[in-house]
Each structure stands twice: as C-alpha cells, then as structure tokens.
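Subject: Structure handover

Dear colleague,

Here is the structure we spoke about. My notes on it follow below.

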Amino acid sequence: MENKRNDYFNDPAISRGYLLNFKTSPRTGEVLSKEKKDTSAMTFGRAFHSYMEGGDIFFSEFFVMPSDAEICEEIGGKVPRNTSLYKAWKLDQEEAANSREVISEEDFKMIETMAQNVFKSEFYSKIFEQSKYNIETEKAVFAEIEGKKYKCLCDVYIDRGDDILVIDWKSTRMKLTA
C-alpha cells in the first residue's frame with residue numbers, strides 16, 4: 001500500500017488538498033502543497049484506512065504501543081517512568097515498532113470498534129461481501145481536464161461496468177450519538 005501512496009503523493013498533478021489551499025491564495029496553495037505536515041489525527045486516519053485494507057497490511061505499517069499502565073504499576077513508586085526498568089521497557093517497545101508508525105492501544109481499540117461497525121452494516125455486506133465486481137483499495141486516479149492534470153486517491157474503487165463506485169472512509173475520535 002505504501003508504494004501506491006508514494007506514487008500518488010510524488011506525482012505533481014493537482015490534488016483536492018492543493019485546491020483547498022489555493023482557494024485561500026495561489027501562494028498558500030503553492031507553499032502548503034510542498035509542506036508535509038502530519039498530525040495525530042492524520043496518523044489516526046491513516047491507521048483506520050490501513051485497518052480497513054486488512055490486518056496484514058495494518059500490522060506491516062503500524063505498531064500498537066501497549067499501555068504503560070501495567071509496567072508502571074509493576075515498578076511502583078512516585079515516578080515509575082523515570083526508572084531504568086521503565087526506560088528499558090520503552091526502548092523494547094520502540095525497537096519492536098521498527099520503522100512502523102506508532103499508534104496507542106486506545107486508538108487501536110477505537111479503530112477496531114469503528115471497523116466492526118462498518119463490517120456489521122448492510123452497506124458493507126452489499127458492497128463487499130456480495131460484490132461480483134473488481135474492488136481496488138487505495139487506487140490513484142489521474143485525469144487531464146482542459147490541459148491540467150488532476151489526481152485523486154480513492155480509498156475504495158469499484159468498477160461496476162456501467163458505473164464506478166468510489167468510497168472515501170472517514171474517521172473521527174469524537175464520540176457520536178444517534
């Protein structure tokens with residue numbers, strides 16, 4: 001999946017993000033499109049998207065950092081995080097992460113819950129489980145319109161012959177109520 005993303009992000013075609021920044025001003029569009037900002041919300045969103053692609057893909061890209069509550073309780077004292085035992089545990093976790101992105105155990109549980117809600121939905125069953133069509137994930141789509149090149153990264157792309165269905169997963173940490 002990483003190669004698909006790299007191909008998309010390295011292509012100079014105009015993206016939705018560029019257009020949103022360009023709307024503020026052409027200079028803002030130019031400057032911000034070159035900056036690679038990253039936030040915890042963006043990491044959470046990438047993790048959710050990756051999880052929706054499948055467990056093997058998710059765990060090859062992300063490391064779930066276990067809560068340190070248990071090790072802190074085991075160590076005891078006023079400031080367990082300052083001890084060599086805690087620092088060794090933390091180093092072990094960072095080494096286990098290797099070069100994968102790190103998300104918290106709490107965020108992982110939320111991602112699992114969100115995904116389970118999608119999997120239980122009638123929508124998911126009809127689209128994915130009963131589908132006879134070719135389903136692609138993280139598909140980069142490029143188009144030229146009036147001499148300008150544009151790009152879009154589809155979370156799910158389903159070619160149904162007569163039409164195309166595109167799904168854009170959305171994630172939030174907010175607790176939503178019905």
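I start with the cysteines. Cys 72 is buried, at a relative accessible area of 11% (buried means under 20% relative accessible area, exposed over 50%, partly exposed in between, with a 1.4 Å probe and protein chains only). Cys 154 is buried as well, with a relative accessibility of 4%. The cysteine sulfur closest to that of Cys 154 belongs to Cys 152 and lies 4.0 Å away, too far for a bond. Over the whole structure, the search for disulfides gives zero, where a disulfide is a pair of cysteine sulfur atoms within 2.5 Å.

Before the rest, the basis of these values. This is a predicted model, in which local features need pLDDT of at least 70 and side-chain atom pairs count only at pLDDT 80 or more, while totals for chains, interfaces and linings use all residues. Residues are numbered from 1 along each chain as its sequence is written, and side-chain values use heavy atoms, with hydrogens and water left out.

Overall content

The protein has nine helices and five strands; these are DSSP runs numbered from the N terminus, helices being H or I of at least four residues and strands E of at least two. Their order from the N terminus is α-α-α-α-α-β-α-α-β-α-α-β-β-β. Of its 178 residues, 29% are buried. Taking contacts (heavy atoms within 4.5 Å) between residues at least 6 apart in sequence, 60% link residues at least 24 apart.

Helices α4 and α8

Helix α4 spans residues 40-53 and helix α8 residues 105-120; their axes come within 10 Å and cross at roughly 45 degrees. Axes are lines fitted to C-alpha atoms, for helices over the stretch in contact, and angles run from 0 to 180 degrees between N-to-C directions. The pair is therefore oblique (under 35 degrees counts as roughly parallel, over 145 as roughly antiparallel, 65 to 115 as roughly perpendicular, and the rest as oblique). On the α4 side, the contact is made by Phe 44, Ala 47, Phe 48, Tyr 51 and Met 52, and on the α8 side the residues include Phe 108, Ile 111, Met 114 and Phe 119.

Two buried phenylalanines

Phe 62 is in strand β1 (residues 62-65) and is buried, at 0% relative accessible area. Apart from neighbours within four places in sequence, Phe 62 contacts Thr 43, Arg 46, Ala 47, Ser 50, Arg 100, Glu 101 and Ile 103. Thr 43 is 19 residues from Phe 62 along the chain, with 9.7 Å between their C-alpha atoms.

Phe 128 sits in helix α9 (residues 122-129) and is buried at 19% relative accessibility. With neighbours within four places in sequence set aside, its contacts are Phe 123, Ile 135, Val 156, Ile 167 and Trp 169. Phe 128 and Ile 158 are 30 residues apart in sequence, and their C-alpha atoms are 9.6 Å apart.

Two positive phi angles

Most residues other than glycine have a negative phi. Glu 138 is not a glycine, yet has a positive phi of about 50 degrees. Glu 138 is in strand β3 (residues 134-145) and is buried, at 4% relative accessibility. Glu 146 also has a positive phi of about 50 degrees without being a glycine. Glu 146 is in the loop between β3 and β4 (148-159) and is exposed, with a relative accessible area of 80%.

Regards
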